[in-house]
Amino acid sequence: MALSLPIEPEATKLLHDNPLALLLGMLLDQQQPMEKAFSSPYVLKQRLGRDLDAHEIAGYDPEALEAIFAKPPALHRFPRAFAKRAQEMCQILVAKYDGDAAKLWTEAKNGKDAVARIGQLPGFGKQKSQIFVALLAKQFDIQPEGWREATGVFGEEGSLRSVADITDPTSLAKVREYKKAMKAAAKAQD
């Protein structure tokens, strides 16, 4: 499979080539369309004028980074909050993984460990961590032992619940339908 979102080919290529870009896209995939979230790392790269690097983002002046995130079109609906989260995430990557986002999963003992490592990042709860590991497994062929069990319903074969399952316009529409139904169900419980 290949990640297939309706975004610029250059943005898709960056997600495939740069693990930090993919992780940032997943971080930003909250309270905004998936296309916006996963194209924003490419926009950030353009605004920085060079490849995305966890060391650089970790040490960036916080106000300057907020300004980059907030510049129209903003990288997120809440640019200041997500600039802070992105910077905190990169600081953790630098402190624990030498700035290499891929070490979150390449050095994980198994799928459960990968989910746990990713879950330690700001903005990544259990569900988002499970979706990200399912995304790695389904779309990037990075399949640590036990990944299906560790990712719960998001790892199920043939599921259409998250970005991990989007391979074409039809699957994108089905994931959107699922998310809409989940929101409606949650609203009905309130």
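## Burial and the model

A residue is called buried when its relative accessible area is under 20%. By that criterion, Asp113 and Arg117 are both buried. The structure is a predicted model.

## Salt bridges

Side chains of opposite charge can pair when their charged atoms come close. Across the whole structure, a search returns 10 salt bridges. Three of them are described here, beginning with the buried pair.

Asp113 and Arg117 form a salt bridge through their side chains, with an N to O distance of 3.3 Å. Both residues belong to helix α8, which covers residues 111-119. They are 4 residues apart, about one turn of the helix.

Asp17 and Lys13 also meet in a salt bridge, at 2.4 Å from N to O. These two residues lie in helix α1 (residues 9-17), and because they are 4 residues apart there, about one helical turn separates them. Asp17 has a relative accessible area of 48% and is therefore partly exposed. Lys13, at 52% relative accessibility, counts as exposed.

Arg176 and Glu35 make a salt bridge in which the closest N and O atoms are 2.0 Å apart. This pair links distant parts of the chain, the two residues being 141 residues apart. Arg176 is in helix α11 (residues 169-189), while Glu35 is in helix α3 (residues 34-48). Arg176 has 35% relative accessibility, so it is classed as partly exposed. Glu35 has 16% and so counts as buried.

Glu56 is part of helix α4, which spans residues 54-59. Its relative accessible area is 19%, and Glu56 is therefore buried, the limit for that class being under 20%.

Leaving aside residues up to four places away in sequence, Glu56 touches Leu48, Arg50 and Asp51. With Arg50, the Glu56 side chain makes a side-chain polar contact of 2.7 Å. Gln91 is 35 residues from Glu56 along the chain, and the C-alpha atoms of Glu56 and Gln91 are separated by 9.5 Å.

## Aromatic residues

A pair of aromatic rings is described by the distance of the centres and the angle of the planes. The search of the whole structure gives 2 aromatic pairs. One of these is formed by Phe124 and Phe132, with ring centres 6.4 Å apart and an angle of 80° between the planes. The arrangement of Phe124 and Phe132 is edge-to-face, because an angle over 60 degrees is assigned to that class. The 6.4 Å separation of Phe124 and Phe132 falls under the pairing limit, which requires centres within 6.5 Å.

Phe124 has a relative accessibility of 4%, so it counts as buried. Phe132, at 0%, is likewise classed as buried. Together with Trp105, Phe124 and Phe132 make up one aromatic cluster.

## Charges over rings

Phe124 also has a charged group over its ring: the charged end of Lys128 sits there, 5.6 Å from the ring centre.

Definitions and conventions:
Residues numbered from 1 in each chain as written. Predicted model: local features only at pLDDT ≥ 70, side-chain atom pairs only at ≥ 80, totals over all residues. Heavy atoms only, no water. Phe/Tyr/Trp six-rings, centres within 6.5 Å; stacked < 30°, edge-to-face > 60°. Buried < 20%, exposed > 50% of the residue type's maximum accessible area, 1.4 Å probe, protein only. Lys NZ or Arg CZ within 6 Å of the ring centre and 35° of its normal. Contact = heavy atoms within 4.5 Å. Polar contact = N/O pair within 3.5 Å; in protein donor to acceptor, adjacent residues only side chain to side chain. Salt bridge = Lys/Arg side-chain N within 4 Å of Asp/Glu carboxyl O.
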